[in-house]
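The structure comes first, and the report follows.

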Amino acid sequence: MTGFAQQIVEGLSAGALYAGMALALVLIYRFTGIVNFAQGELAMFSAFLAWQLVESGMPFWAALPITVAVSFAGGMLIERIVIRPVEGAPELTLVIVTVGLFFFVNAAAGWIWSYQLKSFPNPFPDGSLRLGGVTAGYGSLGVLVVVSAVMTLLYLLFRYTRIGLAMRAVAANPQSARLVGIGVGTVLALGWGLAAAVGAVSGVLSAPLLFLEPNMMGGVLIYAFAAATLGGFDSPGGAVAGGLIVGVAETLAGAYLDVIGTELKIGVPLVIILGVLLLRPQGLFGTATVERV
């Protein structure tokens, strides 16, 4: 039983990273209806920015907010320059644009920092906390705390601020929001900025667990897609719950299913995506689309 609880703790730590990336995907989808396939690469680029700041001598906890701020501005700029010109285009066009952005950001990171593996310093202290036979590393606990803080700040933003109210109005009905004087274009840019900032946190926290290189977020993005699909692409809370569930499911499958082990764990999110699309396409917490005919 202790071993099972240990796997749950480890799964929650991984799931917190997936939840952060899934939340970034859901934020963009809610505001624009676009599934951003470049979200992982934007997070990777942010991780490189943080690494560059740390390498220049800046403390990690000073580099992180700067990286998040730069990522926020970069997300808004991408919406204005890349996405807005094709606003209203067919869905396939938007998909192609985000895929093109994926390759552009990946190539830009490789050109600037090369494709050689780099190590990223762990911002959390070594050691672990042991409680009831279950060991939780300070790194895992730190990831959970940081991601939880980000989720809390987003909740407070959407629930108690005028900007959050405007963003919720645009997400619910852009046409009606425009009629009452809300700047829909500005809100959409803010949505991309927020998504980039949340993704940056996920990328920076993932970097110490992975070797920093331009392709490092590919696997994380797959798990994030599974989390967003499971929770519902129109539900930020569902994305968080989906990330935690996917993280635990992946860890338990790797530990207790011999046929999967550590080599085939990447198949777990793919099975989850397929199962959800077949059984409940809107996800656990999403809203089904009803059309009158």
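## Pocket, cavity and helix packing

The lining of the largest pocket comprises 19 nonpolar, 11 polar and seven charged residues. Here Ala, Val, Leu, Ile, Met, Phe, Trp, Tyr, Cys and Pro count as nonpolar, Asp, Glu, Lys and Arg as charged, and the others, Gly among them, as polar. The model is predicted: local features need pLDDT of at least 70, side-chain atom pairs count only at pLDDT 80 or more, and totals for chains, interfaces and linings use all residues. Residues are numbered from 1 along each chain as its sequence is written, and side-chain values use heavy atoms, with hydrogens and water left out.

**The pocket.** The largest pocket holds about 1000 Å³ of space. Its lining has 37 residues, and Tyr29, Arg30, Thr32, Gly33 and Ile34 lie nearest the centre. Elements giving two or more residues to this lining are helix 1 (2–32), helix 3, helix 4 (91–113), helix 6 (162–172), helix 7 (174–179), helix 8 (184–206) and helix 9 (218–231). Helix 1 gives the most, with four residues. Helices (H or I, at least four residues) and strands (E, at least two) are DSSP runs, numbered from the N terminus.

A pocket is an open set of points on a 1 Å grid over the protein atoms alone, with protein on both sides within 12 Å along at least five of seven lines; in a cavity a 1.4 Å probe fits but cannot get out, and lining residues have an atom within 4 Å of a point. Grid points are joined across faces, edges and corners, and a volume is the space filled by probe spheres set on the points.

**The cavity.** There is one cavity of 30 Å³ or more. About 40 Å³ of space lies in the largest cavity. Ala16, Leu17, Gly20, Val147, Val150, Met151, Val198, Val201 and Ser202 line it. Helix 1, helix 5 (138–160) and helix 8 each give two or more residues to that lining. By class, the lining of the largest cavity has seven nonpolar, two polar and no charged residues.

Axes are lines fitted to C-alpha atoms, for helices over the stretch in contact, and angles run from 0 to 180 degrees between N-to-C directions. Contact means heavy atoms within 4.5 Å.

| Pair | Angle | Axis distance |
|---|---|---|
| Helix 2 (39–55) and helix 3 (60–83) | about 140° | 9 Å |
| Helix 2 and helix 4 | about 20° | 9 Å |
| Helix 2 and helix 8 | about 65° | 7 Å |

Helix 2 and helix 3 are therefore oblique to each other. Helix 2 and helix 4 are therefore roughly parallel. Angles under 35 degrees count as roughly parallel, over 145 as roughly antiparallel, 65 to 115 as roughly perpendicular and the rest as oblique.

The crossing of helix 2 and helix 4 is left-handed. Among the residues in this contact are Phe45, Phe48 and Trp51 of helix 2 and Phe102, Ile112 and Trp113 of helix 4. The contact has 12 nonpolar, two polar and one charged residues. A crossing is left-handed if the near helix is turned anticlockwise from the far one by less than a right angle, and right-handed if clockwise.

Helix 2 makes a right-handed crossing with helix 8. Their contact includes Ala43, Ser46, Ala47 and Ala50 of helix 2 and Ala195, Gly199 and Gly203 of helix 8. By class, it has seven nonpolar, four polar and no charged residues.
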